[in-house]
Amino acid sequence: MLCERCQLREAMIHITENYGTSRDEITATTKRHLCEACGEEYQRESEQYLKQQSSHLQAEMSKAERAAAMQQLRDDVRQHMTDWISRR
Ligand SMILES: [Zn+2]
């Protein structure tokens, strides 16, 4: 299987990401198949994006608000990384 991003090298890294409201309730699963180089970039990009976006979280948020915001954030990261892979 070729890397989803560069379509040049063999995919050596297989990432399965689960999304849901809790550990028991997974609403979506995303699988990524990447070569080593793209896998590293993927990791870097998603961490950077998460850091960037989580800076918008407010300290004075209630627990429920924060949980909802984190849920939204995970969806955003997933969307961002899907775009990132297809964006080459
Ligand atoms: Zn690649």
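Helices H1 and H2 are oblique to each other, a term for angles that are not under 35 degrees (roughly parallel), over 145 (roughly antiparallel) or 65 to 115 (roughly perpendicular). The structure is a predicted model, in which local features need pLDDT of at least 70 and side-chain atom pairs count only at pLDDT 80 or more, while totals for chains, interfaces and linings use all residues. Residues are numbered from 1 along each chain as its sequence is written.

**The helix pair**

Two packed helices are described by the angle between their axes and the distance between the axes. Here the axes of H1 (residues 36-54) and H2 (residues 63-87) cross at roughly 140 degrees and come within 10 Å. The axes are lines fitted to C-alpha atoms over the stretch in contact, with angles from 0 to 180 degrees between N-to-C directions. The crossing of H1 and H2 is right-handed, the near helix being turned clockwise from the far one by less than a right angle.

On the H1 side, Tyr42, Glu45, Ser46, Tyr49, Leu50, Gln53 and Ser54 take part, and they meet Leu73, Asp76, Val77, His80, Met81 and Trp84 in H2. By class, this contact of H1 with H2 has seven nonpolar, four polar and two charged residues. Ala, Val, Leu, Ile, Met, Phe, Trp, Tyr, Cys and Pro count as nonpolar, Asp, Glu, Lys and Arg as charged, and the others, Gly among them, as polar. Residues are in contact if their C-beta atoms, placed from the backbone, lie within 7 Å.

**The chain as a whole**

The chain has two helices and two strands, in the order β-β-α-α along the sequence. These elements are DSSP runs numbered from the N terminus, helices being H or I with at least four residues and strands E with at least two. The C-alpha trace spans about 45 × 30 × 15 Å along its principal axes. Of the contacts with a separation of 6 or more, 51% join residues 24 or more positions apart.

The mean pLDDT of the chain is 90, and 97% of its residues reach 70 or more; pLDDT is the predictor's confidence in each residue, from 0 to 100. Among the elements, H1 has the highest mean pLDDT (94) and E1 the lowest (84).

**Burial and individual residues**

Of the 88 residues of the chain, 7% count as buried. A residue is buried if 20 or more other C-beta atoms lie within 10 Å of its own, exposed if 12 or fewer, and partly exposed in between.

| Residue | Class | Other C-beta atoms within 10 Å |
|---|---|---|
| Gln7 | exposed | 11 atoms |
| Ile26 | exposed | 11 atoms |
| Asp75 | partly exposed | 13 atoms |
| His33 | partly exposed | 18 atoms |

Gln7 lies in the segment before strand E1 (13-22). Most residues other than glycine have a negative phi. Gln7 has a positive phi of about 55 degrees although it is not a glycine.

Strand E2 (residues 25-34) contains His33. Leaving aside neighbours within four places in sequence, His33 is in contact with Met1, Cys3, Glu4, Ala11 and His14. His33 and Ala11 are 22 residues apart in sequence, yet their C-alpha atoms are 5.5 Å apart.

Ile26 is also found in strand E2. With neighbours within four places in sequence again left aside, the contacts of Ile26 are Asn18, Tyr19 and Gly20.

Technical notes
Contact = placed C-beta atoms within 7 Å.
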